[in-house]
Structure formats: C-alpha cells, structure tokens
Amino acid sequence: MTLNQPQQTNEWYFDSGATSHMSSNSSTLSHDVPSWYPTPCSIVVGNGSLLPVTSTGNADLASNLHLNNVLVSPQLIKNLISVR
C-alpha cells in the first residue's frame, strides 16, 4: 500500500475559512512585496501542522481579479482565495 500526495494545480479555490490568499507557487505572483512588509512566517493548516511561508506578493488572476498579500508556501496543494 502506498500513499500518493495530491498533485498541485494552478486552479484557485474560494475558501471562507482561509485567513489569507495562499498559493503553492511563487510564479503566480505578479511581483513580490518588499521584505519589510509584515507577514506571517507560517500557515496553520487543518490538522494543526505549520507550513513555512517562503514569499509574499500580489497576483493577477484575470484582467479584473487582483489579489494582494498572497502567501506562498510550496507545501500547499491548493491555491486559496480568502473570502468572507
């Protein structure tokens, strides 16, 4: 028996439980935010594990959809858009 990790995708999902926009790939960012911008150093996921944040920035998903302060953690398997 083996356990396969889910594949990362370029799709984005709306998540009312996410506290920030999050991506697994820094190439989704249109530009990085300067390092002096305060950001968390990790993301807490559903099982309580901490995933490190490797960069932050802004992302343009479509001509009319711009996300600010996107956290990047390569260990994420879904790209999340935080909604209230």
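**Close-up views of the predicted model**

**View 1. The side chain of Asn79 places a polar atom 3.1 Å from the backbone nitrogen of Ser24.** A second polar contact joins the side chain of Asn79 to the side chain of Ser23, at 3.0 Å. A polar contact is a pair of N or O atoms within 3.5 Å; within protein, one atom must be able to donate a hydrogen and the other to accept it, and residues adjacent in sequence count only if both atoms are side-chain atoms. Asn79 belongs to strand β8, which covers residues 79-82. Its relative accessible area is 1%, so Asn79 is buried (buried means under 20%, exposed over 50%, partly exposed in between, with a 1.4 Å probe and protein chains only). The model is predicted: local features need pLDDT of at least 70 and side-chain atom pairs pLDDT 80 or more, whereas totals for chains, interfaces and linings use all residues. Numbering starts from 1 along each chain as its sequence is written, and side-chain values use heavy atoms, with hydrogens and water left out.

**View 2. His21 occupies the loop between β1 (12-15) and β2 (22-23).** His21 counts as buried because its relative accessibility is 16%. A polar atom of the His21 side chain lies 3.0 Å from the backbone nitrogen of Ser82. With neighbours within four places in sequence set aside, His21 is in contact (heavy atoms within 4.5 Å) with Leu67, Asn68, Asn69, Val70 and Leu71, and also with Leu80, Ile81 and Ser82.

**View 3. Strands β6 (residues 55-62) and β7 (residues 65-72) are paired.** Two strands pair if DSSP finds at least two bridges between them. β6 and β7 run antiparallel and are joined by six bridges; they form a hairpin with two residues between them. Within this pairing, Thr56 stands opposite Leu71 of β7. β6 also pairs in the antiparallel sense with β3 (residues 31-32), over two bridges, where Asp32 has Gly57 as its bridge partner in β6.

**View 4. Leu51 lies in strand β5, residues 50-52.** With a relative accessible area of 11%, Leu51 is buried. Residues up to four places away in sequence not being counted, Leu51 touches Cys41, Ser42, Ile43 and Val45, together with Ser73, Gln75 and Leu76. Leu51 and Leu76 are 25 residues apart along the chain, and their C-alpha atoms are separated by 7.8 Å.

**View 5. The largest pocket is lined by 15 residues.** A pocket, on a 1 Å grid over the protein atoms alone, is an open set of points where a 1.4 Å probe fits, with protein on both sides within 12 Å along at least five of seven lines; lining residues have an atom within 4 Å of a point. Ala18, Met22, Ile43, Val44 and Val45 lie nearest the centre of the pocket. Strand β4 (residues 42-44) gives the most to this lining, with three residues. By class, the lining divides into nine nonpolar, five polar and one charged residue.

View 6. Helices (H or I, at least four residues) and strands (E, at least two) are DSSP runs, numbered from the N terminus. Of the 84 residues of the protein chain, 31% count as buried. Among contacts with a separation of 6 or more, 62% involve residues 24 or more positions apart.

Definitions and conventions: Ala, Val, Leu, Ile, Met, Phe, Trp, Tyr, Cys and Pro count as nonpolar, Asp, Glu, Lys and Arg as charged, and the others, Gly among them, as polar.
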